[in-house]
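Please open the model in a viewer and keep the selection panel at hand.

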Amino acid sequence: MFRTENWRHFDFWLLGVVVLTMIFGVAMIRSAIAGNETLAELPSRQITWASLGFLVILVVAAIDYRLWGGAVRWMYLAVVLFLLLLYFVGGQRFGAARWIETGLVSIQPTELAKIVVIVSLAYYFARTIDRPRSWRWLLGSLLIAAVVAGFIYIQPNLSNVIVIMVIWAAMAWIAGLEIRQMIVIAILGFVLFVLAFFFFMEPYQQARIYNFLFPDPNASYGATYNVQQALIAIGSGGLAGKGYGHGTQTQLRFMKVRHTDFIFSVIAEEFGFVGALLVIVLLGFIVYRCLRAARLARDPFGVFLAYGVAVLIFFQGAVNIAVNLNLIPVTGLPLPFISYGGSGLLSLMIGVGLVESVVMRHKPLDF
Amino acid sequence: MRIAANASGLPLWRFLSVYLLMGIVVAVFASRLARLQFVEREEWTLQAEDNRTEEISVPPQRGIIYDRNGYILARNIASYNIVITPAYLPDDPADVERVYRELSALTGMPTGFPLTEESIEQAKLLRACTPGPGIAQWVALGESNAPYDPVQIQCNVGQEIAMIVRERSADWPGVGIQIEPVRDYPTGYLTANLIGFLGPIPANVAEAYRAQGFDPDRDKVGYAGVELAMDEVLIGTPGRRVVEVDVAGQELRNLEPPVPPVPGNNVVLTIDTRLQAAAQAALETEIQSWNNYYGYIRISSGVVIAMNPQTGEILAMAQYPTYENNRLARIIPEYYYRQLEQDPRHPLNNAAISAEYPPGSTFKLSTATGALNEGVVTLTQIIDAPGELLLTERFSPTDPGNVRPFRDWIFDQNPAGFGRIDFLHCIAYSSNVCFYKLGGGYPGEIDNGLEIWRLQQYARSLGYDRRSGIELPGEASGLIPDPTWKRINRGENWSTGDTYIASVGQGYVLATPLQVMLSGATIANDGVLMQPTVIREIRDGQGNVLTLFWNPVAHTVTDRPLEEGSYQISPFVPNVRWDITRDPVIEDFECESGYCTSTGLFKTVEPWVVESVQRGMRMAVTEPLGTLNRDYSFRNYPIAVAGKTGTAEYCDDVALSQNRCSFGNWPTHSWTLAYAPYDTPEIIIIAFMYNGGEGGVVAAPVVRMVMDAYFEIKSIDIAEGAAP
């Protein structure tokens, strides 16, 4: 398994930038805590997670990604069971059952589920690469995504449902989704969304979308408070920001959930346009390296795997930044590698490990 | 490229379309960032600054009000409020509950558990500190707004409870004592009409005060009396701190050097509290004894004023009924305020300056001065004063007129009246018949009377018909009518009868007690009308006496005289309004058979005229039949006193309802004014009693008692070596 020659192709740029981004993230979490005593240990916890993640990258990279193909069914089953378990014993946080409290840490199975969906879809699309792009083929892939998405939906966790469906759509697109299928799916998706909005969504989810579409100009301390404060933070950051630990919006805690959902605003406030752009560049570089791996991959499974991880990182990052910039309604997606959160970080690390595994083995032999 | 034919054989354009999408997203982000951070930066920065900065107004200490001897009439005392800072309460709800329980046991306030939404909503409608909601409700309300702002739980607790709360602060985290300055009036009721009280800044001027740095929700302003008139002097300048706050409202640091508040200036009044107390006691004792004598509340209200006629310093200004301004100090209780407001006796008003009554015979000083100065009568002329006089009432020169009886006050006791008397005895006996003749003329005896035009001039020269400009709010101007006034306001011609009764201070003539006193003071002071004042000096916090002027028109205090009528109030100087023997304040009229026309000239009063009126007033005390020559007034008084009584018929709603507004049956107000010593008057006292009856019998004893008190206080001061 540890054939040394493969490590020559290990993407040190990818690993390096991921580590750099995580370090930056830890620094920003430290600033974002802003003296809140109950959050004081988060940076060190994040360091623990990041260190663990570093090991995970190396271990996952070392394992030949093709081995996962055989284990896909078991992995998928395990995740579904995990999610089911969550449904019955999960601890509630902020109104949603998303966590399993173990003795040591609380695990969020949803994060892991996203990786498993990527692996499963990659395996499915790779195996069916020569088949005709029939409705049966498409529905087969949709089933893989939808079952997991369904369990995530009942948590409820709408944003991760969207993440999974976007991953599915993006992978199906690459796998050769036909235009007419796409149109039908788009129409169906829209109808489903409208139906869901009126019949299935929780009031808070409806309110978020409603608040985004029709903001109330008088409600500065109500529903739009968080986004408004984030915009103030970003806008007042200017070109170079107010300096590390000197962002007034952050340090005086006018922004909420600073260390997770709105950490991008913390960066934009304390490091200004330069810092915000740096984050985009760093994440963009990571996505680019994943796509590079997809391009280099020796087999379709590797292509889909690396591509899926790229889409995951890109989409989560884009959604998070778009929320911060008030371009889309508020969702709870973290900023990859930077926001606080162990499970999310670990899952992304597994993803990066998979990409490394793909890129390490892109040439059959290298003498 | 190779990718198209890579291992998967997937078409390149599909990848490229994804890259393109990603590129667009990044471009959108970058442009959005640029827009927020470059184009709109200013606005967002302003909002961020606005978030973190808070301007805090630091209340200044309100100035203290002293009487002329340094006795405190208004000050600030500490009031203790129990407050809870929600952010500092224990984390454990059980601990919080324990704190509430123990606090509840100490204060008797409900804990407020169970804390329901409904109970919080109810508390929301109430002002802080209103009894009713429990501790938990108040805390819940404050916690949701600003957890670092102390929430008032119970206000104005005793010092003992405040100390207990302080001692237990270690056991009760978050619970504290807030010290709030509250106005305190040591003399309360005794000086309420003069000092007034404070109230919240009214909504219509809230913005103006906010612009000066005051907090309309916290700071108070004067609502009455000296507290209102001298508000700008007393209120001080608020300090200002600009602090950085966090989202919970916790102050972190000063962003600018703090500006400390400047305490208000202290005001020293001309009032002598001892004399004020004597005046109040004399007034109330007299009213009470008469009411007891009659067996019902006959005399409903009264006023006493004492002034130095040479300087205009008001030494006492008492009234009954008045109110307890300490009850209005912390908040203005609605039921109490409404009770005062609806009282027909108007206890909230300062009756000495804002109530207008017919002056009755005290007004004869004006008629006397005019008649003598205009040559209507001479000192040697003998006037026939029978008990009843038949006079013709005409509304125009061609009106044949109705003959009406006009009675003297003595008629009931002696229908023959005072008989044949000279001018000075007219004053001393206060003969109505004599003054009817002087005022309106009497064919064959007084061919040309003084007439209303000239009477008005002399009355004004003695202080009637105009506000005095004293530094107190709500002063009324009184009324000296003339034919033009009657035509406009009554739609009727002036009649000869109007002149007759105006000559004795009846009919349309109205005056405030202060004006009546000023007329006596002007005569007493040899024709010099002094500006009445209650302010002796105004000192800043270091004790420096400030030079300040009062503008009686705008009711403002300025550091230089701004308008006609402005006069210096600090440091005290006697301000002469005019000297009727020198300043030509009297418009000259030529009168012919009851009708007068102005010559456009102005003239003065001859000094001997003033001196003669003084003698007439002195004779009221010295002559056996004088109105003030009684045991309970000034008979054999050791100090030479001069004065004038008045028994003023009136008709108001009360009298009308009792069917008393008819000839010979009118109810009467009692007046008496007297000054002493006769040669160099240093005190003039006036007493007024509503529905008191005969002035010399009812009001004169009050003046006598206050006069006694004045000279007793003076002898004490001399004995103690103080300046007299």
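A nonpolar core is a set of buried Ala, Val, Leu, Ile, Met, Phe, Trp, Tyr and Cys residues joined through side-chain atoms within 4.5 Å; buried means under 20% relative accessible area, exposed over 50%, and partly exposed in between (1.4 Å probe, protein chains only). This is a predicted model, in which local features need pLDDT of at least 70 and side-chain atom pairs count only at pLDDT 80 or more, while totals for chains, interfaces and linings use all residues; side-chain values use heavy atoms, with hydrogens and water left out. Residues are numbered from 1 along each chain as its sequence is written, and chains are lettered from A and ligands numbered from 1 in the order in which they are written.

**Stop 1: the cores**

Select A:Phe304, A:Tyr307 and A:Phe337, the residues with the most contacts inside the largest nonpolar core, which has 124 residues. Helix 12 (residues 300-324) of chain A supplies the largest share of this core, 18 residues. Helices (H or I, at least four residues) and strands (E, at least two) are DSSP runs, numbered from the N terminus.

Next, display the surroundings of A:Phe304. Contact means heavy atoms within 4.5 Å. Residues up to four places away in sequence aside, A:Phe304 touches A:Ala122, A:Phe125, A:Ala126, A:Ile129, A:Met171, A:Ile174, A:Ala175 and B:Leu10. Another core, of 117 residues, lies apart from the largest one; B:Val226, B:Leu424, B:Ile480 and B:Val516 are among its members.

**Stop 2: chain A and a helix pair**

Colour chain A by secondary structure to find 13 helices and three strands. Of its 367 residues, 56% count as buried. Among contacts in chain A between residues at least 6 apart in sequence, 75% join residues at least 24 apart.

Now select helix 5 (residues 135-153) and helix 6 (residues 158-175) of chain A, which pack at an angle of about 165° with their axes 8 Å apart. Helix 5 of chain A is therefore roughly antiparallel to helix 6 of chain A, a term for angles over 145 degrees, whereas angles under 35 count as roughly parallel, 65 to 115 as roughly perpendicular and the rest as oblique. The axes are lines fitted to C-alpha atoms, for helices over the stretch in contact, and angles run from 0 to 180 degrees between N-to-C directions.

Which residues of the two helices meet? From helix 5 of chain A they include A:Trp137, A:Leu142 and A:Ile152, and from helix 6 of chain A they include A:Leu158, A:Ile164 and A:Trp168. By class, this contact of helix 5 with helix 6 of chain A has 15 nonpolar, two polar and no charged residues. Ala, Val, Leu, Ile, Met, Phe, Trp, Tyr, Cys and Pro count as nonpolar, Asp, Glu, Lys and Arg as charged, and the others, Gly among them, as polar.

**Stop 3: along helix 13 of chain A**

Select A:Gly342, in helix 13 (residues 342-360) of chain A. A:Gly342 is buried, with a relative accessible area of 9%.

**Stop 4: buried positions in chain B**

Move to helix 17 (residues 451-461) of chain B, where ten of the eleven residues are buried. Among them are B:Trp453, B:Arg454 and B:Tyr458. Just after helix 17 of chain B, B:Gly463 takes a positive phi of about 110°.

B:Ser431 lies in the loop between helix 15 (423-429) and helix 16 (432-440) of chain B. B:Ser431 counts as buried, at 0% relative accessibility. Beyond its neighbours within four places in sequence, B:Ser431 contacts residues including B:Lys364, B:Asp408 and B:Trp409.

**Stop 5: backbone geometry**

Most residues other than glycine have a negative phi, and most peptide bonds are trans. The following selections depart from those patterns.

- B:Phe113 and B:Pro114 are joined by a cis peptide bond, with omega about 0°; B:Pro114 is in the loop between helix 3 (93-107) and helix 4 (117-124) of chain B.
- B:Ala676 and B:Pro677 are also joined by a cis peptide bond, with omega about -15°.
- A:Asn326 has a positive phi near 55° and counts as partly exposed, at 28% relative accessibility.
- B:Asp526 has a positive phi of about 55° and counts as partly exposed, at 47% relative accessibility.
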